[in-house]
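Me: I have a two-chain model open and would like to understand the words used for its interface. Could you take me through them?

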Amino acid sequence: MSGEIITGENIDQFINRLEENAGTPDAQDMDVRIEPAVLHKLAERLNKSPNLSYNYLSDITAVDYLGESPRFEVIYRLYSIPANRRLWIRTRIDADTEIPSTANIWRNADWLEREVYDMFGIRFAGHPDLRRILTPTPWIGHPLRKDHPLGGEEVQFTFNTGDIIPQEEFISEHLEGMDFAGYIENGDKIESEAGAGRLAELVKEGKLIVSMGPQHPSTHGVLRVILALEGENIYDVGMDIGYVHTGIEKTAESLIYQQALTLTDRIDYVAPIANNLAWSLAVEKLLGLDIPERAQFIRVMLAELTRIASHLVWLGTSALDIGAVTPFLYTFREREMLLDIFELVSGQRMMTSYINIGGLRDDIPDGFIEAVKEFIKIFPDKLDDYHKLLTKNPIWVERTRGVGCLSLNDAINCGVSGPVLRASGLAWDVRKVWPYSSYDEFEFDIPVGEHGDVYDRYLVRMEEMRQSLRIVEQAVNRLPSGAWRVEDYKLVLPPRDRLDKSMEALIHHFLVSTEGFPVPRGDAYTATEGTRGETGFYVVSDGGTKPYRARMRSASFSTLQSLPLMARGHMVADMAAILGSIDMIMGEVDR
Amino acid sequence: MADNVTLTIDGQTVTVAAGTTILEAAASIGIEIPVFCNHPKLEPIGACRQCLVEVEGQPKPIASCCTPAAEGMIVHTKTPSVRQMWEANIEFLLINHPLDCPICDRGGECPLQNNTFAYGPRDSRFDYTKRRYKKPVRLSDRILLDRERCIQCFRCVRFQKEIADEPDIQMFSRGYYDYIDTAPGKEFESQFSGNTIELCPVGALTSAVFRFKARPWEIQSTESVCVNCGVGCNIRIDARNYREVVRFLSRENPEVDDGWLCDKGRFDSLFINDKNRLQAPLIRKDGRLVETSWDEALETAVKIMKDAGGRSAGLISPKLTNEAAYLFSKLMREFGAVGCDWNLERASADAAVKTAEAFSEGLFDGAIKDITSSTLLIVYGSDISSELPVMDLWIKKAVRRNGAELVLIGCESSKLAKYAKTVMPENIESVVKAIESSKSSERVLIMVSQRLVELSPYGVEILDSLKEIARSRQPKVMMLACASNSIGMLETGAVWGKPGSEIKKSILDGNIKALWVAGESDKYAESLARVDALIVQDMFLTKTAEVANIVLPGSSFAETSGTIINTERRVQCINPAIRKLRGTLTDVEIFARAAVKTGLNTISQTSEDVFKELTQTANSFAEITLDKIGARGVRLEAKR
């Protein structure tokens with residue numbers, strides 16, 4: 001199927017071929033190019049046909065190949081969960097071509113298509129509500145296009161004070177036409193026009209519209225939830241995101257690969273190491289690197305400790321939101337131990353950038369294994385303590401049982417992954433399905449829920465912490481000796497003591513630090529099981545030292561879309577519980 | 001055919017002209033072979049051994065830079081053994097190379113670094129002591145030599161010998177003890193020495209002026225043109241952090257500068273960074289110059305000139321752009337000035353008129369690249385080596401490589417005299433004689449100084465003779481321009497009324513009450529000081545400015561955009577590399593604002609608008625567009 005483009009002419013044959021070959025090894029990983037017009041037909045068949053059942057839409061994204069014609073490539077990544085298969089669909093279009101929307105097939109296509117529209121200006125025909133999602137409403141232009149102006153406000157130093165373009169000039173030069181003042185003034189009016197008039201309808205029907213957030217302790221980040229209420233009951237839920245959008249994907253295009261790594265810590269900022277790992281794996285795939293085993297084991301160790309650290313934040317804060325104040329102090333006490341471990345290994349408590357392309361930043365220092373062993377020793381009892389506080393606590397059960405239910409079908413259709421999906425009843429974990437970084441050498445279980453309510457999600461994450469600890473213990477006990485990174489100075493920096501002895505090492509240090517290393521042309525995506533679900537980077541390289549496109553598949557982005565399904569019919573007070581149980585991180589949602 | 005050769009490189013066939021080296025043949029099909037000593041403008045010498053390739057049937061590796069391609073040759077550059085050779089050669093070069101990258105100006109734009117990363121070893125096996133030299137060695141006030149970094153590629157020595165013919169530096173000693181030095185007691189005097197900095201593939205020869213000023217990634221480069229002489233060599237202006245111009249580099253224009261830049265253009269223009277640059281208009285109040293606003297300064301200047309009316313005059317520097325000259329001229333006409341010129345020597349207005357005629361009649365059709373395609377070169381009235389340095393290189397190329405004959409008329413003390421077959425007395429008869437005694441088959445290029453044609457009392461006579469010669473023998477004729485845009489002054493109509501010498505006489509007789517001098521105000525300081533009311537537009541407080549009534553701070557050529565016309569009548573664009581210095585305005589802005597204050601409200605305000613107007617009003621600019629000018633410029637054509 002390579003080189004073939006699926007059009008209206010051959011789509012039926014193509015689908016028949018797919019059905020016939022469904023069980024073969026060739027069908028495991030496929031990559032097809034199609035004409036945009038056949039997308040909807042193909043998507044429906046892929047989703048509905050029982051042989052194929054590509055029921056999970058992982059991501060929709062685009063790349064601007066400015067200078068080529070057609071200019072944009074739009075990429076869909078589909079999984080068939082029952083059959084563990086992956087399918088990439090690509091289509092090339094020009095700026096003025098519309099693509100059929102698949103939002104009525106996979107629910108998370110809604111926001112994914114809105115983001116592609118926002119960032120690239122590509123329109124999706126039939127989308128229920130195609131408007132900007134990450135950039136603010138008055139924004140002009142599509143930021144991820146290669147010809148979007150990069151203008152920046154000049155940073156003030158002593159040497160240029162007095163010389164800087166004055167604020168008003170900057171605003172008019174770079175933000176010409178974007179009427180922020182008018183937007184702020186007329187905000188209400190604009191908001192009711194947005195949402196395809198939906199809000200206006202609801203108001204007419206007598207619903208009370210209340211904003212929960214963007215500034216709210218229980219929204220776990222800067223999220224605006226728009227509630228349509230009948231008294232205390234939630235009739236419907238809308239969301240406004242993009243408050244924490246800092247243009248990370250765009251920024252990465254101006255940085256060399258090692259520098260872009262430091263951006264990744266800040267995306268899912270509660271589990272920074274997990275993002276470092278996802279980025280490194282994608283770039284290492286393009287480079288064709290084999291990471292030494294010791295480095296892989298240490299990566300696993302840290303990724304699982306990060307999972308625990310992240311779940312401790314989740315546990316403490318989501319309990320706090322419902323009113324259970326006590327667990328918070330205890331979970332953060334244990335988290336401190338983990339932050340100390342991260343600081344020991346990298347000098348940083350949170351944004352470690354410790355997992356690097358090629359391996360690790362440095363070998364683990366003395367004291368690391370002891371610190372980890374100490375944590376392994378004390379943590380199971382602490383976990384039991386948390387259980388004692390909550391699991392059979394009648395108030396806790398009352399506030400979480402049967403609240404925020406998400407059926408498995410809905411979950412899959414929304415592209416939900418991670419603990420939320422597993423709580424809805426499916427034992428699907430990237431570490432098991434498509435193992436990476438030596439995860440297949442570890443024994444661990446995947447906790448699964450039954451009802452998909454807040455309580456099940458609580459239980460799933462609690463058990464995940466125990467399982468993560470189990471992995472860490474195995475990694476500590478079986479840690480191989482040897483290299484902790486690929487020792488190739490054309491990729492990684494030489495040890496400092498070589499810099500005053502070796503001319504070659506000095507030259508390579510100079511160039512790798514300043515210009516970066518070139519990455520072969522191509523694109524790659526590696527999925528990882530982040531703390532919130534499927535997390536991965538889709539990286540496109542043009543052969544240079546900076547990523548041409550760095551797209552993050554964010555678990556929270558898709559999962560958050562299922563919020564209305566969980567919240568409808570509940571009461572306002574339940575929102576805190578439901579939001580807490582989703583455990584989304586807005587840094588990951590907005591990037 | 002005997003003229004072409006077909007060979008195979010890495011499985012790809014390519015046909016090239018006989019004599020093409022394997023290296024060149026490979027480059028023509030996009031196959032890159034690393035080099036150090038090789039350079040497209042220098043004779044290959046096979047010194048560095050980096051370019052070794054495998055040629056089937058040959059027992060040893062072949063240096064592709066100095067081996068001509070042969071029919072049926074099969075060449076390999078991608079085999080493991082070739083890659084091993086490349087890696088090993090770099091290893092050899094790095095053995096004695098000092099660990100200077102952190103302090104070496106070349107770092108970040110260094111062929112040795114780049115080739116090491118692409119083809120060299122990852123780490124060093126050398127455990128011994130490297131050879132040491134005292135460093136840096138001051139070869140001149142512009143060039144510093146670091147002998148430890150030198151990889152003995154001989155590029156610098158070859159340039160001085162083959163191109164500049166000023167062999168001020170040589171390689172001494174033998175083997176890896178080779179080192180560069182000047183003759184005892186002498187400095188690296190050549191006025192082209194700066195080119196060796198760009199040629200040197202490592203940080204051995206570096207600019208003393210640029211030393212430690214910036215790293216390449218801090219630099220923003222702008223394409224522009226040098227304004228130090230009439231050649232108009234294409235340059236790259238490098239600024240650091242958008243703020244400060246730190247250096248000037250060559251920017252090859254094969255038809256203007258052949259890739260070279262003289263030391264004036266490379267080093268002398270940094271005066272624009274001088275702390276003493278004026279940053280506010282000055283006005284004389286109570287006998288002293290005090291700072292004032294642009295409005296007051298311009299209003300007063302306009303009033304002074306208007307009041308003087310027919311007893312005012314305008315003097316403009318021939319380095320200013322066409323757009324500035326055009327507006328200045330309009331402004332002076334508005335004041336009713338008695339004359340407008342770019343010098344105080346012009347003998348008669350007739351010569352200017354006739355020269356303009358000659359331009360439009362296509363008399364001056366010679367191009368710089370005609371120098372190397374001519375067999376007889378006649379240089380009349382100009383010491384090219386000091387007035388238009390890079391033309392000196394062109395002429396040397398023509399004489400030494402192509403066997404052209406050089407006849408020098410006047411300027412017998414010029415550096416070019418030693419290449420001349422004959423040196424004749426400086427008058428137009430010599431030109432006629434030189435032509436008449438030449439064979440009719442010669443391709444002749446007559447280069448005649450603008451000073452003689454436009455400014456001297458003999459201008460009309462010279463032009464008439466040249467026209468006569470042109471009719472009978474059809475030589476190419478090129479004007480040797482006095483300055484970077486002295487030809488543009490005439491083409492934009494900025495020369496009219498009383499000629500320069502008469503303006504000067506009027507000044508000395510006390511008949512010029514007001515004079516606006518724009519640029520180079522210290523040139524005629526003595527004369528100008530005699531004017532009652534002076535308006536001085538300059539970058540510095542020159543002697544003339546000190547006695548002025550109004551001083552207007554101008555921007556430099558590196559802060560301006562506009563067009564200029566070089567000696568072969570090529571229109572080129574200068575572009576701003578940095579923002580205007582705070583408090584200054586560009587010449588066009590000054591003239592436009594002043595014009596508005598005189599009541600000329602519809603005057604074009606920007607360089608681009610003035611340029612458009614020029615294309616609509618000036619005949620010679622009629623076919624020119626900014627697109628056509630592009631990065632290389634376009635010559636004004638006029639058919640004979």
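Reply: Happy to! Buried area is the accessible area (1.4 Å probe) that two parts lose on being put together, summed over both. This is a predicted model, where local features need pLDDT of at least 70, side-chain atom pairs count only at pLDDT 80 or more, and totals for chains, interfaces and linings use all residues. Residues are numbered from 1 along each chain as its sequence is written, chains are lettered from A in the order in which they are written, and side-chain values use heavy atoms, without hydrogens and water.

Me: What is the area buried between chain A and chain B?

Reply: About 2300 Å², with carbon and sulfur atoms giving 61% of that. On the chain A side, A:M503, A:E504 and A:F510 lose the most area to chain B, together 29% of what that side buries.

Me: What makes A:R498 and B:D123 a salt bridge?

Reply: The term asks for a side-chain nitrogen of Lys or Arg within 4 Å of a carboxyl oxygen of Asp or Glu. The closest N and O atoms of A:R498 and B:D123 are 3.0 Å apart, so the pair qualifies. The count between chain A and chain B is 2 salt bridges.

Me: Why is helix α19 of chain A called roughly perpendicular to α3 of chain B?

Reply: Their axes (lines fitted to C-alpha atoms over the stretch in contact, with angles from 0 to 180 degrees between N-to-C directions) come within 9 Å and cross at roughly 90 degrees. Angles of 65 to 115 degrees count as roughly perpendicular, so α19(A) is roughly perpendicular to α3(B). Helices here are DSSP runs (H or I, at least four residues) numbered from the N terminus.

Me: Which residues of the two helices make the contact?

Reply: With contact meaning heavy atoms within 4.5 Å, α19(A) brings A:I507, A:H508, A:F510, A:L511 and A:V512, while α3(B) brings B:Q113, B:N114, B:T116 and B:F117.

Methods
Parallel < 35°, antiparallel > 145°, perpendicular 65-115°, else oblique.
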